[in-house]
Amino acid sequence: MAGKFITFEGGEGTGKSTQLKLLASWLREKGIDCLESKEPGGTEVGQEIRRLLVCGDKDKMDPVAEALLYYADRRIHLTKKIWPALEKGQWLLSDRYADSTTAYQFYGYNRKVQRETLNSLYKLVAGDFKPDLTILLDIDPVIGLKRSFTKAGTMSDKETRFETRGLEFHNLMRGGFLEMAKAEPERFIVLNADKSIEALHNEITGIMAERFNIP
Ligand SMILES: Nc1ncnc2c1ncn2[C@@H]1O[C@H](COP(=O)(O)OP(=O)(O)OP(=O)(O)O)[C@@H](O)[C@H]1O
Ligand SMILES: [Mg+2]
């Protein structure tokens with residue numbers, strides 16, 4: 001596959017969506033054809049799955065059911081959008097991917113879903129396929145959640161099912177992301193997201209230029 005698959009990961013309000021958009025514009029300026037996508041909900045069917053996952057009462061389903069829905073969404077995303085794009089030579093930027101599922105379903109819920117179960121689901125839907133680069137935006141959840149809640153006030157569909165979980169959940173998740181990054185240092189870059197939007201963007205483009213030889 002000729003294109004590159006770049007994922008943005010991190011907790012709520014770390015700036016994933018903001019930075020993904022900025023990076024996509026920067027790549028296009030460099031003449032790279034790229035698609036912006038997200039999980040859950042990167043496809044039409046995925047949008048319906050997303051609504052089930054992110055809206056409504058936080059206890060309406062358990063972590064196992066959630067994991068299955070995330071992986072159904074991911075399979076559709078891969079087969080209908082990610083793989084076809086990469087085959088055409090396009091780059092695909094995804095706002096969250098599998099590391100988010102592990103961070104939430106395994107670390108956030110304090111191991112209510114086994115890591116091996118998630119690994120098997122990953123193998124089933126993606127095989128050996130992995131992102132070429134994962135940008136992990138790290139910030140104290142107190143700051144991230146504050147940003148998210150400010151944004152939620154302006155959202156029409158109130159995608160707040162996870163934002164309403166306690167700080168402990170978000171701290172576990174943050175630790176999980178950092179642990180995963182440590183285990184795969186060649187795939188992840190970890191950035192301190194507690195800085196201005198512009199400073200973070202410059203950092204990201206610097207890394208992209210070096211990693212992928214973009215002049
Ligand atoms: N570096 C930053 N400094 C201050 N505010 C920021 C920064 N980056 C993003 N924001 C603002 O914080 C809010 C959350 O940012 P954004 O939506 O990009 O985060 P996210 O990681 O995608 O969040 P979520 O997980 O909730 O989707 C937005 O209102 C955005 O404008
Ligand atoms: Mg976002």
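Start by selecting Ile-214, which is found in the segment after α8; helices (H or I, at least four residues) and strands (E, at least two) are DSSP runs, numbered from the N terminus. This is a predicted model, in which local features need pLDDT of at least 70 and side-chain atom pairs count only at pLDDT 80 or more, while totals for chains, interfaces and linings use all residues. Residues are numbered from 1 along each chain as its sequence is written, and chains are lettered from A and ligands numbered from 1 in the order in which they are written.

Stay on Ile-214. It counts as partly exposed because it has 13 C-beta neighbours inside 10 Å. The scale is this: a residue is buried if 20 or more other C-beta atoms lie within 10 Å of its own, exposed if 12 or fewer, and partly exposed in between, with C-beta atoms placed from the backbone. Apart from neighbours within four places in sequence, Ile-214 is in contact with Lys-30, Met-208 and Ala-209; contact means that the C-beta atoms, placed from the backbone, lie within 7 Å.

Next, show ligand 1. Of the 15 residues around it, Gly-15, Lys-16, Ser-17, Thr-18 and Arg-147 come nearest; a residue is near if its C-beta atom, placed from the backbone, lies within 6 Å of the molecule. Select α1 (16–29), α6 (141–152) and α8 (197–212), each of which supplies at least two residues of this shell. The largest share, four residues, comes from α6.

Select helix α3 (residues 63–87). Its 25 residues reach 33 Å from the first C-alpha to the last, close to the 36 Å expected at 1.5 Å a residue; the expected span is 1.5 Å times one less than the number of residues. At Leu-78, α3 bends by about 50°, the bend being the angle between axes fitted to the seven residues ending there and the seven starting there. Leu-78 is also among the buried residues of α3, which include Tyr-70, Tyr-71 and Ile-82. Just after α3, Gly-89 takes a positive phi of about 90°.

Now look for the largest nonpolar core. Of its 38 residues, Leu-92, Leu-93, Ile-135 and Leu-137 touch the most other members. The largest share of this core, six residues, comes from α3. A nonpolar core is a set of buried Ala, Val, Leu, Ile, Met, Phe, Trp, Tyr and Cys residues joined through C-beta atoms within 7 Å. Zoom in on Ile-135: leaving aside neighbours within four places in sequence, its contacts are Ile-6, Phe-8, Ile-189, Leu-191 and Ile-204.

The last stops concern the backbone. Most residues other than glycine have a negative phi, and most peptide bonds are trans. Select Arg-96, in the loop between β3 and α4; its phi is positive, near 80°. Arg-96 counts as buried because it has 24 C-beta neighbours inside 10 Å. Then go to Arg-111, in the loop between α4 and α5, where phi is near 70°. Arg-111 is exposed, with 12 other C-beta atoms within 10 Å. Finish at Pro-40, in the loop between β2 (34–38) and α2: the peptide bond from Glu-39 to Pro-40 is cis, with omega near -10°.

Technical notes:
Two residues are in contact if their C-beta atoms, placed from the backbone, lie within 7 Å.
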